[in-house]
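Let's take a walk through this structure together, one piece at a time. Keep the picture beside you and look for each part as we come to it.

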Amino acid sequence: MDTHDQICVADSWETLESLVRLEPLSVVVFNPAADGTMDNTRACRLIRKYASIPFVAYVPVDASFVRGIAHMSNDGLQDVVVYHSDDSPIRFRRTLERVSEIPQVSTLIGKLEPWLSHLPPALVDVLGDTLHHPHEYASAEDIAAGANVTLSALYRSFRNARLNSPKSFVVGARVFRGYVYMRDAGFSIGDVAMKLGYTKPRIFAHHIECVLGDSPSRVRRSMADVDAVNRIVSWFGSSKRSASQSLQHHMARVICFLALVDWSGDLAGVRAFS
């Protein structure tokens with residue numbers, strides 16, 4: 001494991017589904033008979049319901065498991081690791097790294113290459129990590145710290161590469177990862193907002209409208225990957241009206257809305273992006 005890796009343990013199918021719904025998991029490793037009873041049906045339901053999360057079965061060599069794996073593979077099981085056969089630490093990690101790649105994010109990074117090529121390699125690595133794990137980067141300061149540069153140097157690098165502000169990159173990364181999650185039937189908007197670190201789902205919903213130009217319900221129902229990627233590229237790149245200006249406009253609307261409906265004044269979700 002790397003130092004930033006974390007493991008969440010589930011002791012039941014119910015706990016596993018709760019973790020999948022609310023935690024920003026990169027991959028799920030499971031034994032379909034961990035509770036003593038082979039349950040292909042429960043496993044298949046989770047795999048279908050949360051298709052953007054890769055599931056890897058960790059099983060012994062046994063006829064009953066072979067039949068179950070065949071069934072789960074039809075529903076989208078990503079890979080299989082066999083006890084005491086291909087589960088050495090190195091091979092296991094390579095499997096997890098391979099299956100946890102997010103195709104949409106890889107496509108987006110390729111589209112951003114003309115801008116990224118003008119940035120220092122260490123910063124490019126951190127921006128790639130931000131796109132894969134946006135919940136770990138709540139601000140421009142987090143990106144600067146990850147790349148081991150000052151905040152002023154970070155903004156200077158963005159200007160030189162003709163990218164919009166680091167703050168806009170943080171918001172766009174969260175929205176795009178949220179878009180990928182929302183393609184799954186099992187996630188509500190509130191679930192996705194929590195996975196991404198938002199304190200209020202409506203802040204996330206406004207960010208979607210600001211970045212992708214449509215409501216969350218229409219985005220999840222009808223927006224194709226190619227359109228989402230192109231809109232994120234436009235958000236990250238320079239434009240006549242910068243992403244920061246657009247974000248400030250939308251956040252002003254959110255603040256006014258919250259002031260009207262929530263006199264408690266809990267604006268932590270807004271301050272996180274100010």
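In this predicted model, start at helix α4, which spans residues 89-99. Which residues of α4 are buried? They are Phe-92, Thr-95 and Val-99. These three cover an arc of only 60° around the axis, which puts them on the same side of α4. The spacing follows a simple rule: an α-helix has 3.6 residues a turn, so residues three or four places apart point the same way. Now turn to the other side of α4, where Pro-89, Ile-90 and Arg-94 are exposed.

What covers the buried residues of α4? The cover includes three strands: β1 (28-30), β2 (55-59) and β3 (79-82). Let's see how these strands are arranged.

The strands β1, β2 and β3 form an open sheet, in the order β1-β2-β3 and with parallel pairing. Because β1 and β3 stand at the edges, each with a single partner strand, one side of each is left without a neighbour in the sheet. From one strand to the next, the twist averages 25°. If pairing is new to you, here is the general idea: strands of a sheet pair through backbone hydrogen bonds, either parallel or antiparallel.

Look next at β2 and β3, which run parallel and are joined by 4 bridges. Along this pair, Tyr-58 stands opposite Val-81 in β3, and Val-59 stands opposite Val-82 in β3.

Our next stop is helix α7, residues 121-132, where you can find Thr-130. Is Thr-130 buried or exposed? Its relative accessibility is 0%, so Thr-130 counts as buried. Which residues does Thr-130 touch, leaving aside its neighbours within four places in sequence? Thr-130 is in contact with Tyr-137, Ile-143, Phe-169 and Ala-173.

A disulfide is a covalent bond between the sulfur atoms of two cysteines. How many disulfides does the model have? The count comes to 0 disulfides.

Methods. Residues are numbered from 1 along each chain as its sequence is written. This is a predicted model: local features need pLDDT of at least 70, side-chain atom pairs count only at pLDDT 80 or more; totals for chains, interfaces and linings use all residues. Side-chain values use heavy atoms; hydrogens and water are left out. A disulfide is a pair of cysteine sulfur atoms within 2.5 Å. Buried means under 20% relative accessible area, exposed over 50%, partly exposed in between (1.4 Å probe, protein chains only). Helices (H or I, at least four residues) and strands (E, at least two) are DSSP runs, numbered from the N terminus. The arc is that of the directions from the helix axis to the C-beta atoms. Contact means heavy atoms within 4.5 Å. Two strands pair if DSSP finds at least two bridges between them. Axes are lines fitted to C-alpha atoms, for helices over the stretch in contact, and angles run from 0 to 180 degrees between N-to-C directions.
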